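Colleague: Hi! Could you walk me through this one? I have a handful of quick questions.

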Amino acid sequence: MFESIKGLKRTDKCGLLSKKDIGREVTVMGFADSERNLGGLLFINLRDISGIVQLFFDNTDEELTKKASSVRNEFVIAAKGVVCARGEGAVNKNMPTGEIEIHVKELRILNKAKTPPFYIVENSDVKEELRLKHRYLDLRRPDMQRKLVTRHKVAKIARDYFDENGFLEIETPMLIKSTPEGARDYLVPSRVRNGSFYALPQSPQLYKQLLMLSGMDRYFQIARCFRDEDLRADRQPEFTQIDIEMSFVEIDDVIEVNERFIAKVFKEILDVEVKTPFLRMPYQEAMDRFGSDKPDTRFDMELIDLSDIVKTCGFKVFTDAVANGGSVRCINAKNLGDKISRKNIDALGEFAKTYKAKGLAWVKNNADGIQSPIAKFLSEEEMAKIIEKTNCEVNDVLLFVADKNSVVYDTLGALRCEIAKKYDLIDNTKFNLLWVTDFPLLEYSEEDERYVAKHHPFTAPNDEDLELLDTHPENVRAKAYDIILNGVELGGGSIRIYNSELQAKMFEVLGFTKEEAMEKFGFLLEAFEYGVPPHGGMAYGFDRFMMLLTGSESIRDVIAFPKVQNASELMTNAPGTVDKKQLDELGIELIKKEDNE
């Protein structure tokens, strides 16, 4: 039989009590974390979101002690008593409340609990599948609770900061018109307008631009967004953005207000000072040096272009790559020759193939000379030039990829990070922030046989590149910028197109007819006819930001109820089936797919 808290009022949180409370009568409530019975003395560690405090029962009240002895892990209890200093030698220095305990005078068992399927402890090594199945128990763990507390604090910092800087928090719709470009939409059927569908927003992009057109000047929102795409460690079908937009601005204005925000978050959450302004790196430089538009600059091992040296060598793999418009590049794993065995190189070669590389060539500079399966194809002069250009010293390992540039960049960019992690080359105390700028406005999709927007179709081209839209659209740079932290994209944005003619031109370059553009974006093009201020903004991946701030391995650890790889939620078994009546109301008939479809 459970007991009520009627007549009891919680006076304190468990983890906030200290020596200053000695002698005070308190009432605490929470979950029984552990219990110890030492004969005449009984102890229960009581846990709530603030921490743990020790409850102490002596044998002066047999009935109270008997009740306390029936308490098991995760029982929900309330205790009233006096805060006392722990006896000499009994202080627990590993516990914030380790100098005190509560001498309990009244105990109520508010609810009993079954034995949990796993221990409620910090940094649990229990399989994630089991933890997510019982997420309500997983979230009782102090480390998980701290992560959600941090998430709350950053959201509050964001609201306060942007309010202080003149931004209005404005909600945008969740049921919107489906538009092309970007990831696959989640669709919501309309019962009232049978056969029509809403889409869940992939971002508030169009609405925040319309708010600038409305004269709102500065907009901010912690926005829920949805994308129906394949999942990975840092991606969810539903996610959160810190979304902002500003009128009458250029790139420097947007970057400046956001650098101050990021610095404020790091100071208040981690007590870390980050220097502003952050480094800025053009997209092409990032690709050439790091093979990635989100470079991790905490370690070296930059890409080195050897195309000029090997374009006429005797190794056909190299010469063909250069002749076909690609390149031959390498990274130098310095001083790792004694650690990277031939077996390790073979494993790295298999890793490279996952990025569409055909293979991985290598050179080892050993104390007794050069070791390499490609040495026989290179002249002494060519090898000497490679060794010189790569600063390859004894015990260094060169790893080469030859292919079209996109494959070379992707492979070596991922390979340098893989080696850095494997051989502990990363200083995890560093927080390296930088902006990547001057992205290509467009990229060619071989699948669609047309140009697609690198970011989205509303990103403005650089003014000096406008004339290239008709002749060489692939060379047009965008007024776009991404903020990178330790090799992870925290967020990104752009200055927007605010001229109706230029926006129509952009749709044309993307392959839309005038009719298609009007059908999909007519409301925006019409709005542009009524005067639009220059504007721009950006959005942070809030979940990803929290993952990095809390040192988590996955964004699932900073989301209260996340989805797994197949977009299902293990706790509630969502998504689920619905009954035929609901489908009939929506005018939907299901077509059963075979398992292999």
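Colleague: Let's start with backbone angles: which residue follows H9, and what is its phi like?

Modeller: Happy to. Bear in mind that this is a predicted model. The residue after H9 is Gly325, and its phi is positive, near 90°.

Colleague: And H9 itself, which of its residues are buried?

Modeller: H9 covers residues 316-323, and Phe318, Thr319 and Ala321 are buried there. Those three sit on the same side of H9, because the arc they cover around the axis is only 160°.

Colleague: Which exposed residues are on the face turned away from the buried side?

Modeller: Lys316 and Ala323 are the exposed residues carried by that face of H9.

Colleague: Nice. Zooming out, how many helices and strands are in the chain?

Modeller: The protein chain has 17 helices and 22 strands. Its C-alpha trace spans about 95 × 75 × 55 Å along the principal axes.

Colleague: What share of the chain is buried?

Modeller: Of the 597 residues, 48% are buried. As for contacts with a separation of 6 or more, 68% of them are between residues 24 or more positions apart.

Colleague: What lines the largest cavity?

Modeller: Its lining is made up of Leu132, Arg135, Phe561, Pro562, Glu569, Leu570 and Met571. By type, that lining has five nonpolar residues, two charged and no polar ones.

Colleague: And the second largest pocket, what's its volume?

Modeller: That pocket comes to about 860 Å³. Strand S7 (187-189) and helix H17 (580-586) are the elements that each give two or more residues to its lining.

Colleague: Which residues lie nearest its centre?

Modeller: Tyr186, Leu187, Pro189, Pro575 and Gly576, out of 21 lining residues for the second largest pocket. The lining of this pocket divides into 15 nonpolar, three polar and three charged residues.

Colleague: Let's do some individual residues. Is Arg108 buried or exposed?

Modeller: Arg108 counts as buried because its relative accessibility is 15%, and buried means under 20%. You'll find Arg108 in strand S5, residues 100-111.

Colleague: Now Phe220: where is it, and what does it touch?

Modeller: Phe220 belongs to strand S9, residues 218-226. With 2% relative accessibility, Phe220 counts as buried. Beyond residues up to four places away in sequence, it touches Ala158, Arg159, Phe162, Phe167, Leu168, Glu169, Ile170, Ile242, Asp243 and Ile244.

Colleague: What about Thr240, buried or exposed?

Modeller: Thr240 counts as buried, at 4% relative accessibility. The strand that holds Thr240 is S10, residues 238-247. Setting aside neighbours within four places in sequence, its contacts are Arg151, Ile222, Ala223, Arg224, Tyr540, Gly541, Phe542 and Asp543.

Colleague: Last one: where does Asn123 sit?

Modeller: Asn123 is in the loop between S5 and helix H2 (128-133). At 63% relative accessibility, Asn123 counts as exposed.

Colleague: What does Asn123 touch?

Modeller: Asn123 touches Arg141 and Asp143, if you don't count residues up to four places away in sequence. The C-alpha atoms of Asn123 and Pro142 are 8.9 Å apart, and those two residues are 19 residues apart along the chain.

Colleague: Great, thanks for going through it with me!

Terms used: Residues numbered from 1 in each chain as written. Predicted model: local features only at pLDDT ≥ 70, side-chain atom pairs only at ≥ 80, totals over all residues. Heavy atoms only, no water. 1 Å grid on protein atoms, 1.4 Å probe; cavity = no way out; pocket = protein on both sides within 12 Å on 5 of 7 lines; lining within 4 Å. Nonpolar A, V, L, I, M, F, W, Y, C, P; charged D, E, K, R; others polar. Buried < 20%, exposed > 50% of the residue type's maximum accessible area, 1.4 Å probe, protein only. Helix = DSSP H or I, 4+ residues; strand = E, 2+ residues; numbered from the N terminus. Arc of directions from axis to C-beta. Points joined across faces, edges and corners; volume = space filled by probe spheres on them. Contact = heavy atoms within 4.5 Å.
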